[in-house]
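Biologist: Hello! I would like to learn how to read salt bridges in a protein model. Could we go through some together?

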Amino acid sequence: MKDLVIGLANSVHDGAIALCSDDGVFAEAFERHVQVKRALGCAGLFSSWRPLRTALRSVGITTTALQRASIRTSWQLGEDDFDALRRTLAPAGSDDGFLSMSAGSTAWDSTTAIQLGWILRGEFPHVYPPLGDVPPAGPSAMLRFAVPRTEPVEIDRAAVPHHLAHAAHAVYTSPFERCVALVVDGAGERSSIDVFSFADDTFRPVSSTSAEHSLGYLYSTVTQLCGFQYWEGEEWKVMGMAAHGDRVPELYRFFHDRTQVDGLQVKLAFGLSWVDELLALLRPGRREGGVLLAANLARSFQDYFADTLVALVKNVHALGISDDLAYSGGCALNSAANGRLVRETGFRRLHVPSAPADDGNALGAALYERHAVRRIPRTPAIASPYLGSTIDLDELERALSFATFDAVRIDDEQELCDRTAAALAQGEIIGWCQGRAEFGPRALGNRSILADPRRGDMRDVINRRVKFREQYRPLAPAILHEHGERFFQGYEESPYMERALPFRDEVKALVPAVVHLDGTGRLQSVTRERNPLFHTLISAFERHTGIPVLVNTSYNVMGKPISHSATDVLTVFATTGLHALVVGPWLIRKRA
């Protein structure tokens, strides 16, 4: 009997699926399969059947084995849960038919439950007719015809509250046996901030801040005011732009004076007209000395956000529960603020998972069911972000057979790394796609674009010729963990690019491509244990150059998710300024 748990993140954005069994773990966001950023509007099993089948294959589970399996699905309720939305938003006694229709498509419902059972049998997720007698003719007959004739696999179902799924993802991917779990988010069902005490596989609620006092939603609104789209997840553009602006006292005070950190509660008092009041401060001039006023707003707000988070986390530490903090929720993607938490709050260790936003809740829901409910031991704990699909090399080789590219197969990994490192040292920009995909929004050496950090113009070249994005967007350093202290002040191991730390002054000139304007870098600490091939490649680059650092940015262009399939990867290569592409053992170049 296999013990199988399937987790679903079923929000209207960042939908994802995870599978945990005794044979392994798989987790992947829907956006990778549908190639729609954040998978907006792609929730539900009509988007998830491909990743679910991929998940089953990845852990070696067949349809036959499923007939003998004990299967349970866990899904995070999320802010889009049907019943929670109706209770929260619909006035008493009102006609909420439209709300029911729009919200129901993203919630767990009976149709989804039936479809999942057939997907597990290897069937396509068919449309299912309403219960009861079906007329023999017309559209209803077509629906009936589409229903598989086999009995679906039986499943048990359980819901995990949104923020509890966030907390479980953070805790169960950490090395901590006991810790504080902090969630700072847009909103869950009714809260925006939650604090839990964790020990003995038990989460005990400590504090909850109402959704009406949401730092996450406030950040989203400021993202819009800076000219970006929060639905596209462009809050990180605000982080990147912040270093190019000035902290304007009036703008900082505008937010600070309307915020109170009262113990574990963050209280916001902005009023209905606050946006108009803020715009009045911004109107005196859209540009000052050639610098967009939006950059000053971004800097002032980012400083306010980080200061508020630090004040809250200090109070959390003062509870005396633990010196270890597991931190998740959408706001945990703010690497600039995260870089201050260990230095300034009293916590000794910080863990932010590779997918702290809503996609991570698929894995959080599954892990909560497996460990907190079923009490299956964490042996070993999940310490890898590489939980997604592999690239189909057969598909790749079919494409290469049409002679569009020059390709050579190098099966010796050391030779592959040596040749790639030499090309990087000569200034080439290279796509590097290896093994299983990272779970989360950041490339960590398996779906990456790599380059030489010694070139001062490399950021501009990549942003202009490869990523096609704004010139102020920074590039991240991937550094061998054993050299971290040499390059960063107060070095902290950062395996998932989850925090930005200040570079030491004496090394900034050595790696100018990855030093942000504020002197920090959102680093990835690379160890041989976590990613042996990537460690080998950076080590080879160090032998060529003396620098144990590579530029590492995600393998995509602006506005698209990280590339997923072999054809996705080749399309990006063929249509950008990449010089070479390495996929598995294949070193690929464009035919002259």
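Biologist: How many salt bridges does a search of the whole structure find?

Modeller: Side chains of opposite charge can pair when their charged atoms come close. Please keep in mind that this model is predicted. Searching the whole structure turns up 27 salt bridges.

Biologist: Which parts of the chain does the pair of Glu-470 and Lys-237 link?

Modeller: In this salt bridge, N and O are 2.8 Å apart. The pair links distant parts of the chain, 233 residues apart: Glu-470 sits in the loop between α19 (458-465) and β20 (476-480), while Lys-237 belongs to helix α10 (residues 235-242). Lys-237 has a relative accessible area of 5%, so it counts as buried.

Biologist: Where do Arg-299 and Asp-303 lie?

Modeller: Both are in helix α13 (residues 293-317), four residues apart, which is about one turn of the helix. Arg-299 is partly exposed at 28% relative accessible area, whereas Asp-303 is buried at 17%.

Biologist: And Arg-419 with Glu-415: what separates them in helix α18?

Modeller: About one helical turn, because they are four residues apart in that helix, which covers residues 413-425. Arg-419 is partly exposed at 39% relative accessibility, and Glu-415 is partly exposed at 37%.

Biologist: Which residues do salt bridges with shared partners join into one network?

Modeller: That network consists of Arg-247, Arg-299, Asp-303, Asp-307, Arg-340 and Glu-344.

Definitions and conventions
Residues are numbered from 1 along each chain as its sequence is written. This is a predicted model: local features need pLDDT of at least 70, side-chain atom pairs count only at pLDDT 80 or more; totals for chains, interfaces and linings use all residues. Side-chain values use heavy atoms; hydrogens and water are left out. A salt bridge is a side-chain nitrogen of Lys or Arg within 4 Å of a carboxyl oxygen of Asp or Glu. Helices (H or I, at least four residues) and strands (E, at least two) are DSSP runs, numbered from the N terminus. Buried means under 20% relative accessible area, exposed over 50%, partly exposed in between (1.4 Å probe, protein chains only).
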